[in-house]
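Reader: I would like to learn how to read the features of a model, one at a time.

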Amino acid sequence: WRKSAQKGTECQTCHMPTLHGEAAKGGPERSLSNHNFSAGTSKGAALQEAISLELTVKSPGGKTEASVTLTNALAGHALPTDLPERRLKLVIEGRSRSGAIVARTERTYGRKLVDAAGQPAPFFKATREASDTRLQSGESRTERVPLTGTIARVSAQLLYQRFDPVFEAQVLTYLRITGKKVGLLINFNRRLLVEGIQRFIL
């Protein structure tokens, strides 16, 4: 934030915009601050507004190359933000004329935390940050990806992940080791606990 173009702008300016309404049911209307902390809208919509994606495709010498530029244009901080387990995943796919996927590449952006042994760990068990590949405020990053096969159409999408897939893999591993059939992955950083529960069944 200190290095961004929004330096000096309070977090509340974007994340708690002013609105007019009742502070309490039946009370007088007045100026209030929105408390959903998602720039006055949903988190998904806020991310869509903050990050732009530009896809160009070239075929030099008959070889297809996709070039995707991601720009964190509006956020005054790195993205994804919030818990270190948050991820942005770029998926680039090449399809044939029939629509079949013949090439696929993924890039993941986020912070990787590890424990003392260097193994991936949630923030409450981590001892250090191994890497940080988030998009910094104002940063434009271009990924160039060669696509093999007979490509008729190329697509690119940026997905938001609430947690690192490694934790999903850990739950499934624990289920297989213990012989259990059902497991829960719980995200305690949610307004309602029920919103942060993901169920796995083997």
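**Reading the model**

Author: Of the 202 residues of the protein, 31% count as buried, where buried means under 20% relative accessible area, exposed over 50%, and partly exposed in between (1.4 Å probe, protein chains only). This is a predicted model, in which local features need pLDDT of at least 70, side-chain atom pairs count only at pLDDT 80 or more, and totals for chains, interfaces and linings use all residues. Residues are numbered from 1 along each chain as its sequence is written, and side-chain values use heavy atoms, with hydrogens and water left out.

Reader: Which secondary structure does the protein have?

Author: Helices (H or I, at least four residues) and strands (E, at least two) are DSSP runs, numbered from the N terminus. Here there are three helices and eleven strands, in the order α-β-β-α-β-β-β-β-β-β-β-α-β-β along the sequence. The radius of gyration is 21 Å, well over the 17 Å that the globule rule gives for 202 residues, so the protein is more spread out than a compact globule. That radius is taken over C-alpha atoms, and the rule is 2.2 Å times the number of residues to the power 0.38. The C-alpha trace spans about 70 × 45 × 35 Å along its principal axes.

Reader: Is His15 buried, exposed or partly exposed, and why?

Author: His15 counts as partly exposed because its relative accessibility is 24%. His15 belongs to helix H1 (residues 11–15). Its C-alpha atom is separated by 19 Å from that of Lys3, twelve residues apart along the chain.

Reader: Why does Thr64 count as buried?

Author: Thr64 counts as buried because its relative accessible area is 10%. Thr64 is part of strand E4 (residues 64–72). Contact means heavy atoms within 4.5 Å; leaving out residues up to four places away in sequence, Thr64 touches residues including Val57, Val145, Leu147 and Val154.

Reader: How many residues has the largest nonpolar core?

Author: A nonpolar core is a set of buried Ala, Val, Leu, Ile, Met, Phe, Trp, Tyr and Cys residues joined through side-chain atoms within 4.5 Å. The largest has 18 residues, and Ile51, Leu70, Leu79, Leu90, Ile92, Leu147 and Val154 have the most contacts inside it. Helix H2 (43–50), E4 and strands E5 (87–95), E6 (101–114) and E8 (140–147) are the elements that give two or more residues to this core. Apart from it lies another core of six residues, among them Phe167, Val171, Leu172 and Phe200.

Reader: Which residues does Ile92 touch?

Author: Not counting residues up to four places away in sequence, Ile92 touches Ala66, Val68, Ala103, Arg104, Thr105, Val145, Val154, Ser155 and Ala156.
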